[in-house]
Amino acid sequence: MTDTFTMDSPQPRLLDQTGQGVVGTPMNRPDGPHKVSGRASYTADTVMDNVLHGVLVRATIARGKITGIDRDSIRSIQGVIDVITDQRMIRNPAQGMAGEAPVQPGDAVYYHGQPIALVVAETFEGARDAAQRLNIRYETEKAYVTPEGTPDREVADPETAGDFDAAWKAAEVRVDQKYTTPSHAAAAMEPHAAIADWKDGSVTLRSSLQMIRFNKKELADTLGIEPAQVRILAPFVGGGFGSKLGLGPEAAAAAIASQKLGRPVRVVMTRQTVFDCVLRRSETAQRVRIGATQDGRITAISHDDTVSNLDGEGFSEPVSQASQFLYGADGLSFTQTVARIAATPAGSVRAPGEAVGMLGFESAMDELADSLGIDPVELRLRNLPDTHPMDGREFSVRGLADCLREGAEQFGWAQRGTAGTRREGDWLIGMGMASAARSSMLVKSAARVRLTGDRAVVETDMTDIGTGTYAILAQIAAEMLGLSPDNVEVRLGNSDLPGASGSGGSFGANSAGSATFLAARKIRARLAEQLGCSEDDLTLQGGRARGGNREMALTDLARDEMQAEATIESGMTAKSHFSSGFGAHFAEVAVNEWTGEVRVRRMLGVMSMGRILNEKTARSQALGGMIWGIGAALTEDMQSDRRDGHVVTRDLANYHVPSHADVPGDMQVLFLEERDDWANPIQTKGIGELGISGAGAAVLNAIAHATGKRIYDFPALPDRVIAAMEAAL
Amino acid sequence: MRPFDYFRATATGDAAMASGQIIAGGTNLLDLMKIQVVNPETLVDITRIEGLSEIVCHGDGLRIGALVTNTALAHDTRVRAGWPLLSRAILAGASAQIRNKATTGGNLLQRTRCPYFYDTSQPCNKRTPGEGCAAQGGSGRMLAIFGTSEHCLAAHPSDMAVALTALQAEVEIRARKGDLRRIPIQQLYREPGDRPDRDTVLEAGDIITAVILPAPLIGSRQVYRKVRDRASYAFGLVSVAAAIEMEGDTIMRAHLSYGSVAPHPWTDDAVAEMLEGQAASDALFANVADALISEGAPHPDTEYKRTLLRRTFIATLRQLTVLADRSGTDIARTQA
């Protein structure tokens, strides 16, 4: 029953033939009313008897050792139960899909803000008070906290194709620019939270997590117990953006405290703690070199970068990911340097790689178009490679050219005019564009579908982090079984259920959606058998089954529960074909010539991202991504102290995500009709992260068009815009 | 947050005698208590005191009770007509939810948003005099450029207070023993010196009971121009509050104040004097702007504020004196 389907060859487009007509529709989220009425129970909402409250204590040195904890300093505080320190506590959240414990530091301090103890009290207020007043003694060590300052640098071997040096030397026109981007915070609305309840040798953990199948192993490994002794519940997650991929310190601490104290323990991070110790996106320093012939054929591409992370963390921001396949060249070269620093560790934050790499790369493309005197859309159209430039794989299906053309048409790109010539009062107006790309993945995922009469249940440990998983899995099952989606119940976020990919890397819909599809397909086969027809001959629609000249209501055909489980994993198609979402972003901005303020006036994203499962939730994700693009281009700027590395912008008043007033009313998203037969059996691609990939670059290129001047250090804050405008030509 | 006693005052006298930390809207104080930047033993809630929530005529001006919310004040039709600068400054700050809770008196007394003040792991002379200033040599984009001391570089965050300063409002203060005094708003704030923990001249038992607006500047043109890192809900990088009275092309009176650049709303009498009696021109504004920013920035991260203030000052005066193309600009004129 749990045999694994491997994606080795294109599959029939069954979802185009089933005829129930719910897949692709802009169906409302079934969980929506629960969320807006407060009935959806997020981790910290869970009410439990006898629960204790834990608050994490942060290290206030950049590197060293804890030499003493002065428990007397908080003894007088009412309701304080214990100060938990334990060799099993974790230094920081696990990286995405780690499946094992992160570094367990003991009494070592690796960065300012590291959680080093948990104060447990009868009330949250008491625990927080005690956590703030607890005296810790340290022995400090020398710490390097900035990527520029640290001697500890790891330079990777260049990834190359062809001969970049020769192509660069021979290029007739060259762009060679450096860009910087600051650290970013995931900034999920719901702070990280956990409630652990240890009973009879096993632990139940409620926590805000994106990838339960992996998190279960991470918690078991952290605690030194078997995965079978761990149960994780995360039915609702208030945004993740990568920051909840891995098990966090709050969850490990809650579990350890609950084991020790024999009561449930609740640990909710304050917003400041989220900034201190949840994985950030690394700052980047990028160098982009693009060489071309006079007639606009790109011959050389290089995108080198320096990112940072804490020692022992395997993740490094894959800055040049999209630069490696967007455009072709005779020679390509990509070299990454990782600077090891004593600071809040880095990990996956919404579209790791593309979100910041494309700011630099697509800005350089814009500059190349300027140098060549070729329209930026046209330059991109002229340089689309036939196959993946680095490894020669075929593209599964690439709608980039159509997105570029359609976007230019819809946006009125032809009216763009010369840079620096359009103004309205004190405001300079400009238009910019950029390509969008985000590679798409299929990750091993299982799901179970149960059908009784005309009602079905989908069960998987997949999560819905606000993306619409509850909606799309109901739609897939309803489509396959000929049911109204109202008759499908989707159960998620419970580690007792079949293990899914989890939500991350935009692969959740591809993976969990395919598993649901395959499980439902097995039930279709059984229904066909019971009806006495072939599977191909079976039509399921409106709760009725037809085939072989017979027709029956499902309530008669499936009186006893039918149950099927399916697992999918990636196979041969991923080796032969490269699957990626593509798109084109267009932006119009106004730049105040006095104050350097930038206002985005309108934006359009045209995207080809495979089959759209739900037009509404897909659009929301695309829009959300584009808004994050505005943030990366204009406002998001996580600042750290250059002496001890501590995060200075520790709340959402100082870390600026775009507010309503930063987002134009005129935000359009267009999906091009597409099926990716090589990707998975439901012909989808990842959606969530494509919206951000390239969106910020379109805004930055619009600033360059408005002002006639370029900015190389992002975000484009008012002072940087002024400095660019004041710079001599 | 540490446990505290809570006392609900029903009269200003009660509140003054209670010798605790006064709380009104609590939009800043509660944040500070949660992170233990301030740890009052007693909170004195003044929100039930009658007579402090009204806006009433006061001669040709207005008397604004200390408990009038930012929302009520910004939307008051008299304020919008006679002192539009004030209305606009308030609406340029915070968010709608915060403005609904925040009060007039509380807004004046809010603390700096310097991140080192908010982080108890960092030394801060404003929290504990003599402890040191972590902002010196730290990350300082939001710090002040004028009026700082070696002990504190923090900027005052209020927008409302900047407009009130330009409008020459007075603050009414009730002392513990009941006597009322009125001081110009500029005199409410102290220079930081070596005691940056004391933002204002208020003594123990003093309560702000009202803000008095003088008669409206009939026929003046008013703008509150705030530049910030995002379009809304962000503290200012710099702001210019300006009310200009003109005859023809000539600037007769210039009422100016600058926000987010000093430990209090900044004023510069020399700047106003350079403008008054002069015909509006780009050359004049450029000269005056240079005088305004003649002091150097005390922290490398705020050097940009001098340039930004200069440019914002010029742009604001150009708008108000109609040197600028008016499209896309937003100027209020006081009504008679």
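This is a predicted model: local features need pLDDT of at least 70, side-chain atom pairs count only at pLDDT 80 or more; totals for chains, interfaces and linings use all residues.
In what order do the strands of the open sheet of seven strands in chain A stand?

**Figure 1. The open sheet of chain A has seven strands.** The strands follow the order 4-6-2-14-11-12-13, and their pairing is mixed. Strand 4 (80-84) and strand 13 (230-233) of chain A each have a single partner strand, so one side of each is left without a neighbour in the sheet. On average, neighbouring strands are turned by 25 degrees against each other, direction ignored.

**Figure 2. Strand 11 and strand 14 of chain A run antiparallel.** Strands of a sheet pair through backbone hydrogen bonds, in either a parallel or an antiparallel manner. Here, strand 11 (residues 193-199) and strand 14 (residues 265-268) of chain A are joined by four bridges. Ala193(A) has Val268(A), in strand 14 of chain A, as its bridge partner.

**Figure 3. Ala255(A) belongs to the largest nonpolar core.** This core has 341 residues, and Ala255(A) is among those that touch the most other members, together with Val119(A), Ala477(A), Val699(A), Ile703(A) and Ala163(B). Leaving aside neighbours within four places in sequence, Ala255(A) is in contact with residues including Trp198(A), Leu205(A) and Leu219(A).

**Figure 4. Strand 17 of chain A pairs with strand 9 and with strand 16.** Strand 9 (residues 159-162) of chain A pairs with strand 17 in the antiparallel sense over four bridges, and Glu159(A) stands opposite Phe334(A). Strand 16 (residues 298-309) of chain A pairs with strand 17 in the parallel sense over three bridges, and Ala300(A) stands opposite Gly331(A). In a regular strand, side chains alternate between the two faces of the sheet. In strand 17 (residues 331-334) of chain A, Gly331(A) and Ser333(A) point one way, while Leu332(A) and Phe334(A) point the other way; all are buried.

**Figure 5. Chain B touches chain A.** The contact takes 30 residues from chain B and 30 residues from chain A. On the side of chain B, helix 11 (residues 303-320) contributes the largest share, seven residues. The residues of that side divide into 12 nonpolar, 12 polar and six charged.

Technical notes: Residues are numbered from 1 along each chain as its sequence is written. Chains are lettered from A and ligands numbered from 1 in the order in which they are written. Two residues are in contact if their C-beta atoms, placed from the backbone, lie within 7 Å. Helices (H or I, at least four residues) and strands (E, at least two) are DSSP runs, numbered from the N terminus. Ala, Val, Leu, Ile, Met, Phe, Trp, Tyr, Cys and Pro count as nonpolar, Asp, Glu, Lys and Arg as charged, and the others, Gly among them, as polar. A nonpolar core is a set of buried Ala, Val, Leu, Ile, Met, Phe, Trp, Tyr and Cys residues joined through C-beta atoms within 7 Å. A residue is buried if 20 or more other C-beta atoms lie within 10 Å of its own, exposed if 12 or fewer, and partly exposed in between; C-beta atoms are placed from the backbone. Two strands pair if DSSP finds at least two bridges between them. Axes are lines fitted to C-alpha atoms, for helices over the stretch in contact, and angles run from 0 to 180 degrees between N-to-C directions.
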